[in-house]
Amino acid sequence: MRASAPMSDRPAPFAALGPRPLLGYTDSRLERAAELRIDRAVQERMTADTRTATYVMGGEMIVVRKGEPNNPLFTLEQALSLGATEEMVFLGHLDGAPRYGCGMPQAAAEALKARDDLLVTDLRSIAVQGLVAAEHLPPIAEAKAVLHWHQRHRFCSNCGHATDAVDAGWKRLCPACKAEHFPRTDPVVIMLIVDGDQCLLGRSPRFVPTMWSCLAGFIEPGEAIEDAVRRETREEAGILCGRIKYFRSQPWPFPSSLMIGAHAEAKSRDIVIDATELEAARWFTKDEIVAMLTRTHRDGLTTPPPVAIAHHIIRAWAEDEVSFD
């Protein structure tokens with residue numbers, strides 16, 4: 001396997017990367033206040049509170065009030081006037097002020113694009129283009145994930161009866177068989193495989209033509225994070241992995257995943273891709289990675305944008321922050 005050059009002997013082009021950007025959908029300022037979800041009297045008081053505000057969305061579309069800056073928050077009265085009546089979920093408190101997410105059919109949200117005072121677009125565009133202040137991304141992600149769950153789980157998986165939303169949107173209850181249903185989160189490992197001064201990136205057919213990224217895959221039932229990293233890497237690229245180093249996690253509301261970031265030590269080099277998952281995979285040098293992060297690669301190759309955890313996993317390795325010792 002390839003050996004890393006000592007840090008003191010390695011050129012340091014990393015200053016070109018600049019200040020470290022924020023990781024999207026993380027570091028929420030909300031206090032979720034889960035204990036308040038089950039108290040109907042408290043919920044009634046909060047919905048009547050003049051400080052209460054809500055995010056409005058329909059399917060993949062987020063509704064934002066245009067301005068300098070754009071504002072994604074509405075009063076409950078304003079949200080109802082837009083047609084946001086499908087579901088409502090209590091997100092938590094921001095400095096004591098209640099925050100909710102209100103849903104509507106996607107077609108109804110799409111129809112609001114005709115209004116000059118509103119911006120209606122998808123969450124990826126909002127995050128990548130910085131269309132709202134970063135502090136709004138975590139609660140919007142929270143609302144989008146839970147509201148999407150409501151849209152897909154209106155009937156009891158146990159008996160098939162229609163269910164009711166309860167506990168301020170955090171549970172669905174079957175009135176027939178009394179089964180309780182809760183929002184789900186799907187854990188996904190996303191990893192950078194490293195071998196000395198090289199790392200492995202892959203390309204999905206869904207990516208834009210220039211982008212290369214970390215390998216990723218869902219954790220299976222009864223599987224540890226480390227085992228999932230090794231299995232997915234072997235299945236997708238034919239590479240065997242040894243030691244695993246946890247990096248950090250990121251909620252990914254498309255629709256409701258939790259990305260668990262890691263770096264993995266390569267124990268083999270020969271790539272054999274699973275063509276159903278990847279269209280290509282290859283090893284990159286650290287200099288190439290720095291060029292890709294700074295959008296200066298000679299072939300125009302790029303990494304994912306800073307809103308995605310893959311960007312941060314790759315950058316941490318490029319900045320010599322990864323050690324398996």
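The entries below begin with the ground rules.

**Ground rules.** I am working on a predicted model, in which local features need pLDDT of at least 70 and side-chain atom pairs count only at pLDDT 80 or more, while totals for chains, interfaces and linings use all residues. Residues are numbered from 1 along each chain as its sequence is written, and side-chain values use heavy atoms, with hydrogens and water left out.

I looked up the largest pocket and got a volume of about 1,100 Å³. A pocket here is an open set of points on a 1 Å grid over the protein atoms alone, where a 1.4 Å probe fits, with protein on both sides within 12 Å along at least five of seven lines; lining residues have an atom within 4 Å of a point. The volume is the space filled by probe spheres set on the points, which are joined across faces, edges and corners. I find 37 lining residues, and Arg206, Phe207, Ala216, Trp252 and Met259 are the closest to the centre. Elements that give two or more residues to this lining include α4 (123-129), α6 (225-237) and β14 (257-266). Strand β12 has the largest share, with 4 residues. Helices (H or I, at least four residues) and strands (E, at least two) are DSSP runs numbered from the N terminus. By type, the lining divides into 22 nonpolar, 7 polar and 8 charged residues. The nonpolar class is Ala, Val, Leu, Ile, Met, Phe, Trp, Tyr, Cys and Pro, the charged class is Asp, Glu, Lys and Arg, and the others, Gly among them, are polar.

**Cysteines.** I counted 0 disulfides, with a disulfide taken as a pair of cysteine sulfur atoms within 2.5 Å. Cys241 is in no disulfide either, the nearest cysteine sulfur being that of Cys214, 12 Å away. Cys156 is buried at 5% relative accessibility, and Cys241 is buried at 12%. The cut-offs are under 20% relative accessible area for buried, over 50% for exposed, and in between for partly exposed (1.4 Å probe, protein chains only).

**Sheet.** I traced an open sheet of 3 strands in the order β7-β8-β9, with antiparallel pairing. Strands β7 (164-166) and β9 (180-181) are at the edges with a single partner each, so one side of each has no neighbour in the sheet. Two strands count as paired if DSSP finds at least two bridges between them; β7 and β8 (residues 171-173) have 3. Asp164 stands opposite Leu173 in β8.

**Salt bridges.** My search of the whole structure gave 26, each a side-chain nitrogen of Lys or Arg within 4 Å of a carboxyl oxygen of Asp or Glu. Lys144 pairs with Glu60 at 3.2 Å between the closest N and O atoms. This pair links helix α5 (residues 137-152) to the loop between β1 (53-58) and β2 (61-65), 84 residues apart. Lys144 is buried at 2%, whereas Glu60 is partly exposed at 31%. I also noted Glu220 with Arg231, at 3.7 Å from N to O. Glu220 is in the loop between β12 and α6 and Arg231 is in helix α6, so the bridge ties together parts 11 residues apart in sequence. Glu220 is partly exposed at 43%, and Arg231 is buried at 12%.
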